[in-house]
Amino acid sequence: MRKISYSLSIGLLLALTSLTATAQTTTINTIFSMVRSATATNANCILDAKGRITISEEGNAEHLHLEVSGLPPKTDFDAFVTQLPNAPFGLSWYQGDLTTDNTGRGVADFVGRFSIETFIVAPGVGPAPVVHTRPVPDASSNPATAPVHIFHVGLWFDTPEAAQAAGCPNTPSPFNGEHNAGIQALSTRNFGNLTGPLSRIH
């Protein structure tokens, strides 16, 4: 009886080990590119700029690994997940920051929901905190909206001055933590408006 129990225990241990190994090797590994934004392209600036995003599994969420090159050196940028790749961009989510090195390359890593399940929803109108009153004031309440999926990724200059120094327009935008960012530098406009790359991840 003791031998049977021992054999059964070893069998269960081997089965669990096999399942664990399978779970560890079953990962999303989607890679897609970012291109110069429409604004940068029209202004004929940051000619060599490009980006690459790799999405992999991170437990119950996803890991987004962003690599960029051809950007101005030692410059700050802001990453957003957006509804549309070009203006007016639609509903957008501030994901985080990226700073380039002295060669104009940069890397950033984010953990969150980066898949076909990425969306924004507001079942009703409610009060919102007003943190900033200028240059773009915060809304004091939210608009109600049914679920809106946001499947694009964009990268903005952190300041209009940084964009101007790179030969781009110094047009201000609200795409940073203080709402005083520069133009969009990179985007996923190489995908359709309604078929952003995050929609491919299930």
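**View 1. Aromatic pairs in the predicted model.** A search of the whole structure finds eight aromatic pairs. The structure is a predicted model. One of the pairs joins Phe-80 and Phe-175: the ring centres are 5.0 Å apart and the planes meet at 80°, so the pair is edge-to-face. Phe-80 belongs to strand β4, whereas Phe-175 sits in the loop between α3 (160–165) and β10; the two are 95 residues apart, and the pair links distant parts of the chain. Phe-80 has a relative accessibility of 7% and counts as buried. Phe-175, at 10% relative accessibility, is buried as well.

**View 2. The rings of Trp-156 and Phe-175.** This pair is stacked, with 4.0 Å from centre to centre and 10° between the planes. Trp-156 is part of strand β9 and Phe-175 of the loop between α3 and β10, so the pair ties together parts that lie 19 residues apart in sequence. Trp-156 counts as buried because its relative accessibility is 1%, where the cut-off is under 20%. Ring pairs join Trp-156 and Phe-175 with Phe-80, Phe-89 and Tyr-94 into a cluster.

**View 3. The largest nonpolar core.** This core has 32 residues, and Ile-46, Leu-71 and Leu-155 have the most contacts inside it. At least two core residues come from each of the strands β1 (29–36), β2 (50–58), β3 (61–69), β4 (76–82), β6 (106–112), β9 (152–157) and β10 (184–187). Another core, of five residues, lies apart from it; Phe-89, Trp-156, Phe-175 and Ala-181 are among its members.

**View 4. Surroundings of Leu-155.** Leaving aside residues up to four places away in sequence, Leu-155 touches Met-34, Leu-66, Val-68, Leu-71, Phe-77, Asp-78, Ala-79, Gln-184, Ala-185 and Leu-186. Leu-155 and Leu-71 are both among the residues with the most contacts inside the largest nonpolar core.

**View 5. The largest pocket.** The volume of this pocket is about 790 Å³. Its lining has 25 residues, of which Leu-91, Ser-92, Asp-138, Ala-139 and His-179 are the closest to the pocket centre. By residue class, the lining divides into 15 nonpolar, nine polar and one charged. Strands β5 (92–99) and β7 (119–122) each supply at least two lining residues. The most comes from β5, which gives three residues to the lining.

Key. Residues are numbered from 1 along each chain as its sequence is written. This is a predicted model: local features need pLDDT of at least 70, side-chain atom pairs count only at pLDDT 80 or more; totals for chains, interfaces and linings use all residues. Side-chain values use heavy atoms; hydrogens and water are left out. A nonpolar core is a set of buried Ala, Val, Leu, Ile, Met, Phe, Trp, Tyr and Cys residues joined through side-chain atoms within 4.5 Å. Buried means under 20% relative accessible area, exposed over 50%, partly exposed in between (1.4 Å probe, protein chains only). Helices (H or I, at least four residues) and strands (E, at least two) are DSSP runs, numbered from the N terminus. Contact means heavy atoms within 4.5 Å. On a 1 Å grid over the protein atoms alone, a cavity is a set of points where a 1.4 Å probe fits but cannot get out, and a pocket is an open set with protein on both sides within 12 Å along at least five of seven lines; lining residues have an atom within 4 Å of a point. Grid points are joined across faces, edges and corners, and a volume is the space filled by probe spheres set on the points. Ala, Val, Leu, Ile, Met, Phe, Trp, Tyr, Cys and Pro count as nonpolar, Asp, Glu, Lys and Arg as charged, and the others, Gly among them, as polar. Rings of Phe, Tyr and Trp (its six-membered ring) pair if their centres lie within 6.5 Å; planes under 30 degrees apart count as stacked, over 60 as edge-to-face and the rest as tilted.
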